[in-house]
Amino acid sequence: MDAVFTNGNILDVREGRLLAGRTVVVRDGRIAEVGDAGTVPASQRTIDLGGRTLMPGLIDSHVHATQASADFAEMTSWPSSYATVRATGVLRDMLRRGFTTVRDLGGAEAGLARAVREGLIEAPRLMFGGPILAPTGGHVLTRVCDGTTELRRAIREQMAQGAHHIKLTLSGGVVSSMAIDALGFSEEEIRTAVEEAGFGKGYVAGHAYTAEAVNRALRWGVRTIEHGNLIDDESIALFHEHDAYYVPTLAGFHALTESGAAHLSDQSRDKLRDMLDTGLRALERADRAGVRIGYGTDLHGEHHSYQLEEFTLRAKVQKPADILRSATVVGAEIVGLPGEIGEITEGAHADLLVVEGNPLDDISVLTAPDQNLRLIMQGGHVVKNELGFGA
Ligand code: ZN
Ligand code: ZN
């Protein structure tokens with residue numbers, strides 16, 4: 001037996017409620033039993049939660065683990081071995097904030113994912129896609145692909161390495177040399193990428209800001225839309241029609257705004273203005289319409305310290321229970337592990353957090369992990385435990 005948690009308030013993320021006085025048994029890295037007090041035998045590995053909240057580990061559906069600096073020009077000069085060591089620090093810090101799973105949207109590749117899988121480094125579960133694919137002139141830190149032949153070659157290579165998804169640049173962006181409303185890739189190219197990623201049982205994630213870029217992507221089979229600040233009513237209908245997911249990334253804009261965006265060009269700084277505002281409005285619109293929304297942050301370098309701020313930012317337009325669903329059960333669907341992660345249910349991986357307070361009442365309890373996050377367990381392995389084991 002790995003551990004028994006007693007006397008906890010279990011956060012039922014699906015229903016948005018706390019279940020009081022429950023006992024959870026963890027065995028062989030999985031949640032073996034969820035029961036009432038008294039039904040489970042005491043163990044050497046019992047942890048009395050004293051009424052604290054036991055919740056599933058968090059899922060960030062838009063990270064860049066290997067972008068350990070916000071200065072992209074400087075980062076391109078790094079030897080790959082150095083970049084990898086820097087990435088391990090970024091990943092360790094994510095886990096210590098309570099993120100037990102992350103989806104990397106550009107940069108992480110097979111070697112890093114293998115090191116995580118083998119337990120060589122302390123890190124969240126890592127779903128990687130390899131380099132971002134962009135057309136000529138498209139974006140920074142990407143693999144350039146023009147035409148369907150180059151796309152097929154790149155995607156076949158990345159899927160053969162075990163990529164979980166393929167990331168395409170479908171419009172300009174803040175740090176891109178393309179205008180925000182410029183489009184990346186033709187219909188033929190996007191449909192080809194969707195087909196080819198599907199052959200490898202993956203899917204396409206699309207970086208897109210404008211309604212035009214988002215809507216053509218959804219129509220042609222892109223499964224997750226990243227950023228999407230300027231979506232419209234048609235986008236909402238298309239999300240529903242195509243069972244697609246929306247992954248806003250407010251923390252990234254917030255961090256750049258707060259830090260003065262010192263590394264950005266004047267052009268990028270201009271584009272940044274209003275991004276937080278349009279992003280919040282898009283999130284509100286999608287939330288009210290019942291679109292399935294993932295928790296994403298899109299941070300780089302020292303800005304990773306803002307990873308939990310996404311909770312605070314979203315709370316301006318969403319209820320805590322809905323934000324929590326984005327960071328747990330919806331994230332699990334996005335990474336293809338529904339029922340396996342993101343909820344406290346029998347058979348799921350034991351990715352668990354113990355927090356002070358009730359995040360359904362006050363989401364900000366999650367944003368101060370030093371004070372409130374008392375225990376982190378990942379796959380039954382204790383990462384942090386300030387509560388100790390009882391007898
Ligand atoms: Zn992007
Ligand atoms: Zn990104």
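This briefing describes the pockets and cavities of one predicted model. In this predicted model, local features need pLDDT of at least 70 and side-chain atom pairs count only at pLDDT 80 or more, while totals for chains, interfaces and linings use all residues. Residues are numbered from 1 along each chain as its sequence is written, and side-chain values use heavy atoms, with hydrogens and water left out.

**Terms**

- On a 1 Å grid over the protein atoms alone, a cavity is a set of points where a 1.4 Å probe fits but cannot get out, a pocket is an open set with protein on both sides within 12 Å along at least five of seven lines, and lining residues have an atom within 4 Å of a point.
- Grid points are joined across faces, edges and corners, and a volume is the space filled by probe spheres set on the points.
- Helices (H or I, at least four residues) and strands (E, at least two) are DSSP runs numbered from the N terminus, and domain bounds come from an automatic or database domain assignment.

- The largest pocket has a volume of about 460 Å³, and 19 residues line it, with A113, V116, R117, R125 and L126 the closest to its centre.
- At least two lining residues of the largest pocket come from each of helix 3 (110–117), strand 8 (125–127) and strand 17 (381–385), and domain 1 (3–57 + 343–385) and domain 2 (58–334) each contribute at least three.
- The second largest pocket, with a volume of about 380 Å³, is lined by 16 residues, and T66, M75, A83, G107 and L141 lie nearest its centre.
- Helix 2 (residues 80–96) provides the largest share of the lining of the second largest pocket, namely 4 residues.

**Cavities**

- The structure holds 2 cavities of 30 Å³ or more, and the largest cavity contains about 310 Å³ of space.
- The largest cavity is lined by 26 residues, of which F72, H139, V175, D298 and H300 are the closest to its centre.
- Strand 12 (204–210) and helix 8 (250–258) are the elements that give two or more residues to the lining of the largest cavity, and helix 8 gives the most, with 4 residues.
- The second largest cavity holds about 40 Å³ of space, and its lining residues include L58, R97, L308 and L353.
- Strand 15 (352–355) and helix 13 (369–372) each supply at least two residues of the lining of the second largest cavity.
- Because domain 1 (3–57 + 343–385) and domain 2 (58–334) both give residues to its lining, the second largest cavity lies between them.

Terms used: Chains lettered and ligands numbered in written order.
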